[in-house]
Amino acid sequence: MNKKKGMGLLARQQAAGWAFLTPATLLIFVMSFWPMVRAFIISFQTGSAANLKWAEPVTKNYQRMLQDKMFQTAMGNTFLYLVIQVPIMLVLAILLAQLLNNKDLKFRGLFRTMIFLPCATALVSYAIIFKSLFATQGLINSALVGIGILKENYNFLGNPASAKAVIIIALLWRWTGYNMVFFLSGLQNIEYSVYEAAKIDGANAWKTFWNITVPLLKPVIVMTGIMSINGTLQLFDESVNLTNGGPANTTITMSHYIYNNSLGQGVANFGYASALSFIVFILVAVLAAINLKVGDTRD
Amino acid sequence: MTEAPRKTNVSHIQLRLIPSYIFLIIVSLISVFPLYWMLTAATNTTVEVARGKIWFGTNLLVNYQNLIKQQDLWRAMGNSFLYSTVQTVVCLFVCSLAGYGFELYHDKHKDRLFSILLLAMMVPQVATLIPLFMMVSKMKLLNTVWAFILPSISTPFMIMMFRQNSRNFPVDVLEAARIDGESELRIFFNMYFPIMKSTYAAAAVITFMNSWNAYMWPRVVMKDNSAQTMPMLIANLSNGYAVDYGMMMLGVLFCSLPTIIIFFVLQKQFAEGITGSVK
């Protein structure tokens, strides 16, 4: 039986364990960590892909960033989407989950399916749908003129403020149901008896929600918060396909701007784009860390 | 405890739920309407769409003919299917193997390595775009399925999902198989895989959808017209000056249909897939 020498049974198991996780680990190092390091190095260089040289001075790309009005606009836009859209979406998602978690409610499955449906749509698809709905000759205009709210067709996507509003509305439409699913599964883990006890203690629905549901959902809130911040800081598909950053780059996001500077519009400014993308990385990391810290106060 | 009081009780509860119903109906309608509109627009002429028609028309065939005249629709559909399927199979294999390794063979070092891998979640896609593009083009893989799948074969999200779900894998089965002299890899294929079927289903749904919908990376590495995917195709449609809304919405419909069908058929797996790593 035990013909194999050298390797004991336990050692062989150990080796198998390591072998199993090696391909995935290598791929993450080569496809995520190493490119991140590369991006950091490239951010101190200038020139096109085939011809990268150290910048003179080395921090040139970072200095340029400070004077780049367009990047500041892109950053401002991204944060505007973040600050307005994420809180509304999360509150709405919790509210919907809370309503749908009621056992007396009829057609729960149907409601859930319908509210969840938008996240089966491709990002590009829904961006184009919203672009068409809000077009000057689009349905929203026809409807608003029809019922007399607007006198004449309004170019929603041609005005910076309303174009930003359309992006936020579209984002809410696409992602609220997605987040609701997390809260629903979080709520289902809360024992029903906790609510019974609260009822006996005479707590009303509002108090129950704030004193029981929200604290118990805190881990889910922190996680959906991190995911939403991460996603919003990286907004790309919507900016490209809904407004194409316009009018006149007033709705452009950071990722879209970086793309335009590197691989998008024939401006292969790899060094500068890498410096910009490093800022996105730092923002994602810092905001996630803050979120984790805030979420941790309970323990 | 007779019938009568219970009934009034029930209708009393339903009465109090009326505001909830109204709110949920409004939200549901808003959620469904844009997709319903897409469906109707695909069957109408561009003039009818612009006029605000929201019922089905008779122009579907003409829209279809215009669409295939302008774009290689079935090529793009085929590409998207091919890339997403290969992506799903390879990703599931690599990540489940890792999740299995991390959970069932876990020790201090592997746990530490796992938390390092999780940091990859913080890496924004746009930051790795340039180095990855340089890497892939140096490897002469542009416009191939490998360029499409390489960066997202191994994701922390999927490894975590398989690792979490592997906790439910009965360890005695593993021990028994070992005593029977089964090799570690055979155990993975013959025991782990069948037992974890539902996790694989959820992971497959989410991976397929994500890669079907991918846009930024394919746009960078699948420049060739013959390599383009559905999201790229419909993005091209909408960039023209004179947009044919009927035709464009038919394109959007083609792009959305596979994921929407998957959603309706496998909704439970989809919900499990997105929340999978949280439990």
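Q: What makes A:Lys218 in H9(A) the site of a kink?
A: The helix bends there by about 60°, shortly before the proline A:Pro219. The bend at a residue is the angle between axes fitted to the seven residues ending there and the seven starting there. A word on the setting: this is a predicted model, in which local features need pLDDT of at least 70, side-chain atom pairs count only at pLDDT 80 or more, and totals for chains, interfaces and linings use all residues. Residues are numbered from 1 along each chain as its sequence is written, while chains are lettered from A and ligands numbered from 1 in the order in which they are written.

Q: Which residues of H9(A) are called buried, and by what rule?
A: The rule counts C-beta atoms, placed from the backbone: a residue with 20 or more others within 10 Å of its own is buried, one with 12 or fewer is exposed, and anything in between is partly exposed. In H9(A), the buried residues include A:Thr213, A:Leu217, A:Val220, A:Ile221 and A:Thr224. Further along, A:Gly225, A:Ile226, A:Ser228, A:Thr232 and A:Leu233 are buried too.

Q: Why is A:Ala127 called buried?
A: A:Ala127 has 28 other C-beta atoms within 10 Å, so it counts as buried. This residue sits in helix H5 (residues 123-133) of chain A.

Q: With which residues is A:Ala127 in contact, leaving aside its neighbours within four places in sequence?
A: They are A:Ala170, A:Asp237, A:Glu238, A:Asn241 and A:Leu242. Contact here requires the C-beta atoms of two residues, placed from the backbone, to lie within 7 Å. A:Glu238 is 111 residues from A:Ala127 in sequence, yet their C-alpha atoms are 5.5 Å apart in space.

Q: What makes the peptide bond from A:Glu56 to A:Pro57 cis or trans?
A: Look at omega: it is near -5°, and the bond is cis. A:Pro57 belongs to the loop between strand S2 (53-54) and helix H2 (60-67) of chain A.

Q: How do you know which helices and strands chain A has?
A: They are DSSP runs, numbered from the N terminus: helices are H or I with at least four residues, and strands are E with at least two. By that count chain A has 12 helices and two strands, whereas chain B has 16 helices and zero strands.

Q: How does the radius of gyration of chain A stand against that of a compact globule?
A: The radius is taken over C-alpha atoms, and the globule rule is 2.2 Å times the number of residues to the power 0.38. For 299 residues a compact globule would come near 19 Å, but chain A has 25 Å.

Q: What makes helix H16 of chain B enclosed or open?
A: Seven of the nine residues of H16 (residues 267-275) are buried, so the helix is largely enclosed by the rest of the structure. Its buried residues pack against helix H7 (160-188) of chain A, together with helix H12 (197-213) and helix H15 (245-265) of chain B.

Q: How many residues of chain A and chain B are in contact?
A: The contact takes 72 residues of chain A and 70 residues of chain B. Helix H1 (residues 9-42) gives the most to the chain A side, with 18 residues. That side divides into 50 nonpolar, 18 polar and four charged residues. Here Ala, Val, Leu, Ile, Met, Phe, Trp, Tyr, Cys and Pro count as nonpolar, Asp, Glu, Lys and Arg as charged, and the others, Gly among them, as polar.
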